[in-house]
Amino acid sequence: AKMSAPTMEERKACWGARDEFWQCLDRHADDASKCEKLRLSFESRCPQQWVKYFDKRRDFLKYKKKLETEGYHPPEAAGKS
């Protein structure tokens, strides 16, 4: 693994691969097995630390979106809208 900062082209390739992978996950309700090739492409185009960061970021963004769309429901309020 090279430690130098990625070039602009490398960053664009990484972000593009990430976006394709995330779109695939969105289409398949986060079934990663259906997006394996895109996952490998994402991992091969991005530094490993970025992959870890983006994975955490996606989880956070999904959680945030869920809160925004559904709001916070205490357990006993589940089922009511």
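This note walks through the salt bridges in the predicted model above.

1. Some ground rules. Because the model is predicted, local features need pLDDT of at least 70 and side-chain atom pairs count only at pLDDT 80 or more, while totals for chains, interfaces and linings use all residues. Residues are numbered from 1 along each chain as its sequence is written, and side-chain values use heavy atoms, with hydrogens and water left out.

2. The overall count: there are eight salt bridges in the structure. The term means a side-chain nitrogen of Lys or Arg within 4 Å of a carboxyl oxygen of Asp or Glu.

3. Take Arg18 and Asp19, whose side chains form a salt bridge at 3.0 Å, N to O. Arg18 is buried, at 16% relative accessibility, whereas Asp19 is partly exposed at 32%. (Buried is under 20% relative accessible area, exposed is over 50%, and partly exposed falls in between, with a 1.4 Å probe and protein chains only.)

4. Next, have a look at Arg39 and Asp55: their closest N and O atoms are 2.9 Å apart in a salt bridge. This pair links distant parts of the chain, with Arg39 in helix α2 (residues 36–45) and Asp55 in helix α3 (residues 48–70), 16 residues apart. Helices here are DSSP runs (H or I, at least four residues), numbered from the N terminus. Asp55 is partly exposed, at 25%.

5. Finally, Asp59 and Lys62 meet at 4.0 Å, N to O. Both sit in helix α3, three residues apart, or about one turn of the helix. Asp59 is partly exposed at 48%, and so is Lys62 at 35%. Through shared partners, salt bridges join Asp26, Asp30, Arg58, Asp59 and Lys62 into one network.

Definitions and conventions: Helix = DSSP H or I, 4+ residues; strand = E, 2+ residues; numbered from the N terminus.
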